[in-house]
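The following explanation leads the reader through one protein structure, step by step. Please keep the sequence and the model in view while reading.

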Amino acid sequence: MSLQYKFPEDFWWGSATSATQIEGAACEGGKGENIWDYWYSKEPNRFFDEVGPETTSDFYHQYKEDIIRMKDIGHNTFRFSISWSRLIPGGEGQVNQHAVNFYNDMINELLKNNIEPFLNLFHFDMPKELQDIGGFENRKVLELFKDYAKKCYELFGDRVKKWFTFNEPIVPVEGGYLYDFHYPNIVDARRAFQVGYNTMIANALAIREFRNHSIEGGQIGIILNLTPSYPRSQNPADLEASQMADLFFNRSFLDPAVLGEFPEDLIEVLKKHGQLPTFELADKALLKENTVDLLGINYYQPRRVKAKEHLPNPYGPFMPDWYFDNYEMPGRKMNKYRGWEIYEKGIYDILINLKDNYGNIDSFISENGMGVQDEGRFIENGKIQDDYRISFIEGHLKWLHQAIEEGCNSKGYHLWSFMDNWSWLNAYKNRYGFFSVDLKTKKRTAKKSAYWIKEVSKNNGF
Ligand code: BGP
């Protein structure tokens with residue numbers, strides 16, 4: 001069969017998930033409380049239709065059948081996260097044997113089905129007890145994260161070769177400490193930058209531990225949501241706005257992760273506003289010596305910016321947004337359910353930037369996807385005809401293919417997500433899966449895109 005877009009051999013086809021969003025069983029199997037369980041118990045009104053994280057998509061009980069479904073649609077790789085509060089309730093001390101059994105068995109099932117497990121250690125789900133002592137603001141929690149990582153290497157490193165420290169470490173910073181969309185709902189830039197800084201120290205500590213552990217054939221990485229910043233125009237003021245947005249939202253994590261240092265201009269601007277985090281002298285060398293092997297890129301939307309229309313309120317809390325305004329480009333293509341622009345070429349621009357400025361580090365698209373509301377409308381002949389998702393994926397794959405043709409080191413493509421899952425505030429509002437999940441019965445049904453991706457993965461292209 002002649003294919004227009006053929007991907008390199010051994011390309012990773014699969015999908016990504018996270019513990020809190022799919023496992024359910026939040027109060028089962030000895031799991032401790034995490035910030036999501038806690039926040040929902042206090043403020044259920046913050047979550048769409050007041051649906052909380054207690055049962056989500058029931059992967060905890062249905063993983064065996066789900067893994068068969070993954071295999072059936074051509075997955076050769078699958079990303080999940082370990083729930084810290086399930087493995088080590090309270091975040092420190094004893095390991096929970098039920099959790100070890102669950103994760104062991106799930107990993108074994110994946111391997112049995114020739115699906116390589118990609119294991120992520122942290123996906124927004126801080127154990128409640130550790131948040132109570134300051135979460136990543138507290139250096140003690142960084143040490144505990146390192147201990148937790150070490151425990152995971154010991155328990156699963158004989159079989160798992162692809163490791164990730166964090167998924168989108170900027171999101172708990174933005175949500176929890178700047179813009180009020182994650183617990184602990186603090187609005188304080190200095191504390192936000194402290195958490196961001198400390199998270200990258202935790203990343204380096206976990207990587208150092210990984211190197212000590214020497215997992216044969218193992219690679220460790222981080223997953224970042226990279227949002228290319230496009231200026232409204234070539235006017236110097238617009239260009240400056242886009243550089244600042246890029247500095248705050250991309251380079252702040254990309255540079256320390258890949259190059260081992262924070263950008264000088266970020267340090268300068270934080271100093272200017274009196275927002276510099278505190279640090280320890282040994283941090284600099286630790287960061288430099290412990291960079292990632294592999295980069296996961298989550299890409300959903302671009303960031304379009306322009307120079308500010310008005311001066312920021314000098315009495316308001318400092319925000320990165322003091323340097324730019326968001327720009328709504330006329331004629332932009334939107335996913336109106338999620339409120340995110342769809343711009344397929346963004347994937348290409350990210351990869352070219354990595355090639356030119358970040359040593360062409362090994363990477364893959366670790367999340368990309370389209371959340372759509374009320375997908376039941378599209379049921380015909382018993383299945384959701386999600387042609388919009390197919391064209392969304394195709395559009396992105398074409399640009400990914402182009403980047404690879406031009407020498408970018410991209411190894412794979414994972415959709416968010418395998419099945420519909422619980423999202424942080426939106427709960428089950430927007431659906432992302434190749435499989436739909438009936439909220440009452442938890443029954444899974446393949447959407448049209450599941451049949452489509454099966455062919456694409458089998459042919460290694462389309
Ligand atoms: C990414 C997260 C995922 C997932 C996805 C979709 O930022 O890593 O956890 O949730 O976005 O976003 P949402 O669920 O908010 O629609």
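This is a predicted model: local features need pLDDT of at least 70, side-chain atom pairs count only at pLDDT 80 or more; totals for chains, interfaces and linings use all residues.

**Pockets, strands, rings and cavities**

By class, the lining of the largest pocket comprises 18 nonpolar, twelve polar and ten charged residues. The volume of the largest pocket is about 1100 Å³. Its lining is made up of 40 residues, and those closest to the centre are E174, N225, Q301, R338 and W340. Helix 8 (170-177), strand 8 (303-306) and strand 11 (340-341) are the elements that give two or more residues to this lining. The largest share, three residues, comes from helix 8.

The second largest pocket holds about 750 Å³ of space. Its lining has 34 residues, and Y197, E261, F262, P263 and I267 lie nearest its centre. Two or more residues of this lining are given by each of helix 8, helix 9 (189-213), helix 10 (236-259), helix 11 (264-272) and helix 12 (283-289). Helix 10 gives the most, with six residues. Sorted by class, the lining of the second largest pocket has 22 nonpolar, three polar and nine charged residues.

The largest cavity has a volume of about 150 Å³. It is lined by 15 residues, and F122, M126, Q131, F136 and P172 are the ones nearest its centre. Helix 8 and helix 9 each supply at least two residues of this lining. The lining of the largest cavity divides into twelve nonpolar residues, three polar residues and no charged residues.

The second largest cavity has a volume of about 70 Å³. Among the residues that line it are A19, T20, E23, K31, D37 and R86. By class, this lining divides into three nonpolar, five polar and four charged residues.

The next subject is a group of paired strands. Is strand 12 (residues 362-367) largely enclosed or largely open? Five of its six residues are buried, so strand 12 is largely enclosed by the rest of the structure. Strand 7 (residues 294-298) runs parallel to strand 12, and five bridges join the two. In this pairing, L295 has S363 of strand 12 as its bridge partner. Strand 12 also pairs in the parallel sense with strand 16 (residues 410-415), over two bridges. Here the bridge partner of I365 is Y413 in strand 16. Strand 12 is therefore paired with strand 7 and with strand 16.

Aromatic side chains form another theme. A search of the whole structure finds 51 aromatic pairs. In one of them, F11 and W13 are arranged edge-to-face, with 4.9 Å from centre to centre and 65° between the planes. Both F11 and W13 are buried.

Why is the pair formed by F118 and F164 called tilted? The centres of their rings are 6.0 Å apart and their planes stand at 35°, so the pair is tilted. The two residues belong to distant parts of the chain: F118 lies in strand 3 (residues 116-122) and F164 in strand 4 (residues 162-167), 46 residues apart. F118 counts as buried because its relative accessibility is 0%. F164 likewise counts as buried, at 0% relative accessibility.

Aromatic residues can also be found in a group. F59, Y60, Y63, F78, F80, F102, Y103 and F156 form one aromatic cluster.

The charged end of R304 sits over the ring of Y343, at 4.8 Å from its centre. K383 lies over the face of Y451, and the distance to the ring centre is 4.8 Å.

Key. Residues are numbered from 1 along each chain as its sequence is written. Side-chain values use heavy atoms; hydrogens and water are left out. On a 1 Å grid over the protein atoms alone, a cavity is a set of points where a 1.4 Å probe fits but cannot get out, and a pocket is an open set with protein on both sides within 12 Å along at least five of seven lines; lining residues have an atom within 4 Å of a point. Grid points are joined across faces, edges and corners, and a volume is the space filled by probe spheres set on the points. Helices (H or I, at least four residues) and strands (E, at least two) are DSSP runs, numbered from the N terminus. Ala, Val, Leu, Ile, Met, Phe, Trp, Tyr, Cys and Pro count as nonpolar, Asp, Glu, Lys and Arg as charged, and the others, Gly among them, as polar. Rings of Phe, Tyr and Trp (its six-membered ring) pair if their centres lie within 6.5 Å; planes under 30 degrees apart count as stacked, over 60 as edge-to-face and the rest as tilted. Buried means under 20% relative accessible area, exposed over 50%, partly exposed in between (1.4 Å probe, protein chains only). A charge sits over a ring if NZ of Lys or CZ of Arg is within 6 Å of the ring centre and within 35 degrees of the ring normal.
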